[in-house]
Every structure is written in structure tokens, then in C-alpha cells.
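Visitor: I am new to this structure and would like a close look at one part of it. Could you take me through the sheet, and then show me how a pair of helices packs?

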Amino acid sequence: MPVIKLCPKLILEGTRLTGKTDLALALNESSRITGVRKYRYHSPIVSAEWNGFTRSPYGSSLINFAAADEKPAMEAYRLWISLFELYRYYSWIVDRFHISTQMWQKIYRGRRYRFEWLESRLAALGFRLVFCWRDPSSFAEAREHRLKISSNPSQYDDLTLFIREQEILQGLVKKSVIPSLTVDVTDCPLAERVDYIADWLEATGGLNATETAPEPKRKLIPAFPRLAEGSWIGRESRMANS
């Protein structure tokens, strides 16, 4: 049986406490997303949250950079997109990227960064956006779970910040030219999230990006009424049996 090379390109967006990193790791280990593996090998997960501009463990990143780091931050984005273009036939899972940058800089620095140049190149490569959304009333419970393992618990003191960040992110995702899927992480188990995303990628040609158009080949039924405006994509078989 011939080996089918899968090369999905996903950007996961969402505020803190929405399980993006756990989802990124699970997607990267899913045979439906990155293919069947007989042994473990390097499969990249990258993140704009990496704080490599300063020595501080909670220092400046591509998301929350200060004015002094604006030039290297923009250069880093140019380098990332160039690398993605050079390695277009490989899988890439990105745990937060330019959407988070736009959100953070708008709220906390009052700066607006235009990324049309970046989005057009990402879309041309077949990238997809997955927006991890949480019911605002559930952030408190999510915080309790996170405090058990967090090394910087003070960042979760004011949950109203997270709710505002989520609202801004949601608007930015909606305006993006990159095809997107909103995933309600409030009560949905991790394995089900992976399956929903895999279904969506299969239906839109996202598993072999750059080879097919980002339009669904079949209509999928929204799985969760709470986001019935079309942002949820679910499995037809699940709904047919419900």
C-alpha cells in the first residue's frame, strides 16, 4: 500500500485557558492529521508565544513584544513565512500566531499591526485557522485546573481580561482571509476536538494543502447549537445517530 503524505498547516488561536497547546500536541499525534507513523520522528509544532527576545522566563515574544522589539518581531514573521513556503509539503502546527499578536498589541499597547501581506501568503500555502472558544462563564473553572500546574499563577487573577481577549480574537478570526473553524472547548473532550478538526480538514482539502481549494466538498452539519451561526463543523454520522 502506498504511503500518502499528509501536509496540513494549522494555526491554533484563542486566549489562555482554552487548551490550545494540548490540542496542538494531540493533533500532531493523530494519524488522521499527520499520517500513520511506525515510529516517532520530528513533526514540528511552533509558537509565537516563544519568548526569545529577552532573558526573562516571562519576557517578550512575537505576541507581546515591546516597542524596542518591534523590528526583530516583524523580521521573525518574515522568516517564518519564508520557511513555511520553502517547506510547503510538510505539516505545520502553529500554537498562536499573528492573530494573537494583533489582539495583544491592540489591547495592551494600542497599536494596530496589519498582516495582509502575511495572511495572503499563509492562505496561498493552504493554512487553516482553528479558533478555540470557551464559554465566558467557564473560565473560572478552567483557572482552578490551571493553578494546579502553573508556575506563574498571577497571570490568571483577572478573568475579565481573558473574556475581552477572546472577543477581540473572535472578531479578528472572522475578518481573516484564512479559512477558519471555531471549536467550542467548554465541554468537548480533547479526542472529539481532534476528530472534528480532522473531519473539517478532510472535507475542505486541508490535509493536502496547496493541492486543493479551501471549499467543502460536502456540507457538514453544525454539531453544537450554541455556535449555530456556522462556526461549528461536526460529523454527519454523529448527528444522524443523535
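Guide: Happy to! Let us begin with the sheet, which is open and has five strands in the order 2-3-1-4-5, with parallel pairing. Keep in mind as you look that this is a predicted model. At the edges of the sheet stand strand 2 (45-47) and strand 5 (180-184); each has a single partner strand, so one side of each is left without a neighbour in the sheet. From one strand to the next, the twist averages 25°.

Now rest your eye on the edge formed by strand 2. Strand 2 runs parallel to strand 3 (residues 92-95), and three bridges join the two. In general, strands of a sheet pair through backbone hydrogen bonds, either parallel or antiparallel.

Next come the helices. Two packed helices are described by the angle between their axes and the distance between the axes. For helix 3 (residues 70-86) and helix 5 (residues 116-124), the axes come within 10 Å and cross at roughly 15°. Angles under 35 degrees count as roughly parallel, and helix 3 and helix 5 are therefore roughly parallel to each other. The crossing of helix 3 past helix 5 is left-handed. On the helix 3 side, the contact is made by Y77, R78, I81, S82, F84 and E85, while helix 5 brings W117, L118, R121 and L122. Sorted by class, this contact of helix 3 with helix 5 has six nonpolar residues, one polar residue and three charged residues.

Conventions:
Residues numbered from 1 in each chain as written. Predicted model: local features only at pLDDT ≥ 70, side-chain atom pairs only at ≥ 80, totals over all residues. Heavy atoms only, no water. Pairing = 2+ DSSP bridges. Helix = DSSP H or I, 4+ residues; strand = E, 2+ residues; numbered from the N terminus. Axes fitted to C-alpha atoms, helices over the stretch in contact; angles between N-to-C directions. Parallel < 35°, antiparallel > 145°, perpendicular 65-115°, else oblique. Left-handed = near helix turned anticlockwise from the far one by under 90°. Contact = heavy atoms within 4.5 Å. Nonpolar A, V, L, I, M, F, W, Y, C, P; charged D, E, K, R; others polar.
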